[in-house]
Amino acid sequence: MILKIEDLEMRFGDNLLFEKVNLQVKEGEKIVLIGPNGSGKTTFLKILNGEIEQSDGKVFFFGRQMGTLSQFRMDKDRTLYEEGLLAFDMAFHYYEKAIENAAKKDIDGYDLALSKAESLDVYSAEKRVREMLKGIGFSEKDFDRKISTLSAGEITKLEIAKLMIMDPDLMILDEPGNYLDIYGMEFLNDTIPELKGAVIIATHDRNLMERIPDKIWDIDFGTIRSYDGKYSDFLLQKENFLKTIENKTKILDKKINETQKAIKRYREWGRDKAIKQAKSKEKFVEKLLEERKDFEFEKRKTFTQIKFQTKGVSEDVILRVDDLDVFAGNKYIGKFSFEIHNGQKVALLGRNGIGKSSLLKALISKKEALDWGPNTHFAFVDTVGADRSRKQMIEDIWKLVPLWKDFEVRKYLGRFGFEGNDVFKEISSLSGGEFVRYQLAKALIDDPNFLILDEPTNHLDLYMIESLEDTLSRYAGAILFTTHDLKFAEHIADLYFIMDAEGLHKFENYEMVEDFLRSSFNNAKVLSTSNEDFEKKRRIKNKIKKLEAEISKGEDRLNILNEKIKDLESQMLSCTDHYKLVEILKDKEKIEKEAEEIIRQIYEFEEEKRVLEEETL
């Protein structure tokens with residue numbers, strides 16, 4: 001066991017996030033933490049890594065090193081590559097120490113320091129840093145950039161790279177998908193299972209949830225429950241759990257209803273004994289109502305109430321793009337040509353910064369390279385760069401539909417999860433998920449037949465993502481959207497564009513997309529090394545050390561057994577009791593058999609060691 005959580009509770013004033021949390025993490029175990037936005041995932045992870053203190057309960061960490069993104073302090077004058085190499089700081093320290101000892105002719109000191117440097121992979125440092133930085137989404141051109149020039153997202157990616165290189169006993173990652181593109185997420189999918197240490201990762205990415213976890217921790221009903229297996233296993237287990245909760249709720253409701261009726265009868269009788277019975281049963285009802293709180297469902301915000309009334313399109317091609325020049329400011333992105341057909345759903349994928357958003361924005365311009373269908377009516381949903389004004393949502397929507405009445409605007413916003421006084425919230429005060437929902441509400445109010453969506457899943461939790469998926473799948477019009485959520489793309493799209501420096505690559509099924517992505521970064525692995533021969537020798541060296549330890553252990557046991565045999569032989573010489581002598585002989589034979597088995601094992605270990613030593617010559 002690497003981590004143990006006992007009766008953990010967290011409150012902020014009267015607001016309870018979670019309580020009665022009892023969980024544990026085994027060595028090397030991979031765990032995904034899920035839950036709605038605002039349920040306390042980030043708070044929980046900060047408690048685990050010691051950033052904040054819990055209201056009650058205990059957290060025990062039994063490992064050597066816990067790795068979190070918040071542990072890094074970066075020097076703005078260093079380059080990205082220099083910062084990456086700091087993950088091997090101790091390896092370089094021992095290597096320099098070895099050189100110093102060699103110069104002093106201190107052979108023992110040299111061997112000790114070099115052994116420590118080698119155990120920290122000093123020879124593979126540069127190659128591993130390069131592969132990790134590339135895998136997480138940086139290019140060779142980025143390596144010489146100063147830390148001061150990196151965006152907040154790029155700095156987070158660098159922190160993730162350093163953390164994975166360090167390979168701590170327990171790694172904690174909070175929503176890495178907020179900062180990684182599709183290549184970075186695929187890289188995590190490939191590398192996390194190979195890490196020796198345990199991992200707890202909060203994520204909404206279903207590719208990660210289906211490929212890496214041994215367990216899924218679910219924040220719900222005011223606590224955190226553990227479910228064995230991947231996401232598909234979790235869904236089945238959670239469904240069964242919810243059915244059990246539903247049945248318990250029905251039983252409690254029935255008890256509460258029957259008891260309240262009895263209380264009413266007792267009070268109507270008005271006699272002393274009846275009044276006492278009523279008071280007793282009222283206490284029982286209070287207890288039942290308190291118990292029922294544990295089973296109350298939190299209402300999920302979804303898009304399921306949205307009903308599209310798309311305007312008809314008679315043409316097959318709703319947008320033809322012919323040699324469209326795209327710029328991001330003064331930076332030239334490239335020239336693009338493609339077609340979008342009626343009802344087609346197209347995912348636009350690619351690295352962060354490659355120009356996907358710039359291409360979408362170029363499509364809504366009036367350039368001659370764009371040939372729109374005569375009946376095409378599009379809406380652009382910008383969840384990345386849209387302005388956040390101080391206007392209230394209801395006021396902003398009313399400007400789009402001035403003839404609507406108050407209740408009609410409220411009802412419309414309610415479809416997107418904004419109910420009651422929520423409609424008076426200022427747009428600038430909305431959370432990330434709320435802002436995405438609001439942008440969708442504005443875009444869909446005029447019933448477009450072509451949606452252009454830039455990162456629609458940004459800041460949405462898993463429940464909202466799956467609900468949006470279902471909604472967009474039922475949408476009769478065409479969609480062109482960018483996303484870093486490959487599962488979202490797979491579930492909606494029937495055509496895929498992957499954008500890179502060479503232009504757009506067109507694919508008609510998701511399997512071809514995955515193959516292309518894997519070939520693009522050559523399936524880079526976190527544990528790859530700079531020198532295969534060195535790695536082979538290092539593995540052999542470790543194996544030899546294990547064999548030597550087994551041989552030493554066997555020899556120690558053999559010495560103990562030999563002493564026991566000598567003692568038994570001494571007892572035999574002085575023994576005059578026939579029956580006792582028989583028992584001593586039996587004990588001696590048993591010990592001699594064990595000694596023979598140990599001698600055989602030592603011989604095999606020594607032979608294996610000899611073969612391995614020959615391989616290193």
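E83 is placed in helix α2 (residues 80-85); helices here are DSSP runs of H or I with at least four residues, strands are runs of E with at least two, and both are numbered from the N terminus. The model is a predicted one, in which local features need pLDDT of at least 70 and side-chain atom pairs count only at pLDDT 80 or more, while totals for chains, interfaces and linings use all residues. Residues are numbered from 1 along each chain as its sequence is written, and side-chain values use heavy atoms, with hydrogens and water left out.

E83 has a relative accessible area of 0% and is therefore buried. Buried stands for under 20% relative accessible area, exposed for over 50%, and partly exposed for what lies in between (1.4 Å probe, protein chains only). The side chain of E83 makes a polar contact with the side chain of R78 at 2.8 Å. Such a contact is a pair of N or O atoms within 3.5 Å; within protein, one must be able to donate a hydrogen and the other to accept it, and residues adjacent in sequence count only if both atoms are side-chain atoms.

Next come the strands. Strands of a sheet pair through backbone hydrogen bonds, either parallel or antiparallel. Two strands count as paired if DSSP finds at least two bridges between them. Strand β8 (residues 215-220) is largely enclosed by the rest of the structure, because six of its six residues are buried. On one side of β8 these are K215, W217 and I219, and on the other I216, D218 and D220. Strand β3 (residues 30-34) runs parallel to β8 and is joined to it by four bridges, with I31 opposite K215. Strand β9 (residues 223-228) pairs with β8 in the antiparallel sense over six bridges, and here I219 stands opposite I224. β8 and β9 form a hairpin with two residues between them, and F221 in the turn has a positive phi of about 55°.

Strand β6 (residues 170-174) is also mostly covered, with four of its five residues buried. Three bridges join β6 to strand β5 (residues 66-68) in parallel, and G67 has M171 as its bridge partner in β6. β6 also runs parallel to strand β7 (residues 198-202), to which five bridges join it; I172 stands opposite I200 in β7. Together with helix α7 (residues 182-191), β6 and β7 make a right-handed β-α-β unit. Right-handed means that, with the strands pointing away from the viewer, the path from the first strand over the helix to the second runs clockwise.

An open sheet of three strands has the order β2-β1-β4 and antiparallel pairing. β2 (15-25) and β4 (56-61) stand at the edges, each with a single partner strand, so one side of each is left without a neighbour in the sheet. Five bridges pair strand β1 (residues 3-12) with β4, and L3 has F61 as its bridge partner in β4.

The structure holds 17 aromatic pairs. Rings of Phe, Tyr and Trp (its six-membered ring) pair if their centres lie within 6.5 Å; planes under 30 degrees apart count as stacked, over 60 as edge-to-face and the rest as tilted. W372 and F450 form a tilted pair, 6.0 Å centre to centre with 55° between the planes. The pair links W372 in strand β13 (residues 370-372) to F450 in strand β15 (residues 450-454), 78 residues apart. W372 is partly exposed at 24% relative accessible area, whereas F450 is buried at 0%.
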